[in-house]
Amino acid sequence: MSQPRPASDPRAEAPAPRRRRPASLVFEPPEAVADPEHFFDLESMEDPCELLRRSTELTLAFRVAADRATEYQAIAAAQLTDPKRFDRMPLAVLAEQAEWSEDYALKMIEFGRGLMRDGGTHIADAG
């Protein structure tokens with residue numbers, strides 16, 4: 001008989017490098033956001049080496065931010081559907097609210113439960 005395998009991590013498609021410290025994401029002034037060509041001042045950089053360095057920093061920062069946001073989503077999904085909660089959210093409602101398929105919502109719930117159980121993120125102890 002085959003052994004059960006753990007649920008796959010929804011983010012496992014491409015592991016994000018975590019050795020380099022990502023660039024900090026700063027909010028752009030409202031006037032810059034209004035200009036569709038403006039993006040973290042990259043469009044004004046003349047030196048291609050500097051442009052590559054800064055755009056790479058931003059790419060890494062966005063990847064790390066996306067990974068962290070996914071962890072928060074998973075933990076929230078696990079908390080909202082916890083069978084111990086009297087007001088737990090049904091899977092279909094969670095999926096609709098998060099704009100996920102029910103299969104993906106189930107994977108996120110399992111991922112979130114694993115994070116909370118293993119302490120895989122600093123927010124697991126906050127709830």
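**View 1. Glu99 in the loop between H3 and H4.** Glu99 is placed in the loop that lies between H3 and H4, in a model that is predicted. The phi angle of Glu99 is near 60 degrees, which is a positive value in a residue other than glycine. Glu99 is exposed, because its relative accessible area of 75% is over the cut-off of 50%.

**View 2. Phe40 in the loop between H1 and H2.** Phe40 is found in the loop between helix H1, residues 30–34, and H2. Here too phi is positive in a residue other than glycine, with a value near 50 degrees for Phe40. Phe40 has a relative accessible area of 15% and is therefore buried, the cut-off for that class being under 20%.

**View 3. The crossing of H3 and H4.** The axes of H3 and H4 come within 9 Å, and they cross at roughly 100 degrees. H3 is therefore roughly perpendicular to H4, a term that covers angles of 65 to 115 degrees. On the H3 side of the contact are Leu91, Ala92, Leu94 and Ala95, which meet Glu102, Ala105, Leu106 and Ile109 of H4. By residue class, this contact of H3 with H4 comprises seven nonpolar residues, no polar residue and one charged residue.

**View 4. The largest nonpolar core.** Twelve residues form the largest nonpolar core, namely Ala74, Ile75, Ala77, Met89, Leu94, Ala95, Trp100, Ala105, Met108, Ile109, Phe111 and Leu115. Two or more residues of this core are given by each of helix H2 (48–80), helix H3 (91–98) and helix H4 (102–118), and H4 supplies the largest share, with five residues.

**View 5. The surroundings of Trp100.** When the neighbours within four places in sequence are left aside, the residues in contact with Trp100 are Gln73, Ala77, Leu94, Ala95, Ala105 and Met108.

**View 6. The whole protein, as context for the close-ups.** The protein contains four helices and zero strands, and its pattern along the sequence reads α-α-α-α. Of its 127 residues, 28% count as buried, while the protein exposes about 9500 Å², of which carbon and sulfur atoms supply 55%. Among the contacts in the protein with a separation of 6 or more, 59% are accounted for by residues 24 or more positions apart.

Conventions: Residues numbered from 1 in each chain as written. Predicted model: local features only at pLDDT ≥ 70, side-chain atom pairs only at ≥ 80, totals over all residues. Heavy atoms only, no water. Buried < 20%, exposed > 50% of the residue type's maximum accessible area, 1.4 Å probe, protein only. Contact = heavy atoms within 4.5 Å. Areas by Shrake-Rupley, 256 points an atom, 1.4 Å probe, with all protein chains shown as cover. Core = buried A, V, L, I, M, F, W, Y, C linked by side-chain atoms within 4.5 Å. Axes fitted to C-alpha atoms, helices over the stretch in contact; angles between N-to-C directions. Parallel < 35°, antiparallel > 145°, perpendicular 65-115°, else oblique. Nonpolar A, V, L, I, M, F, W, Y, C, P; charged D, E, K, R; others polar.
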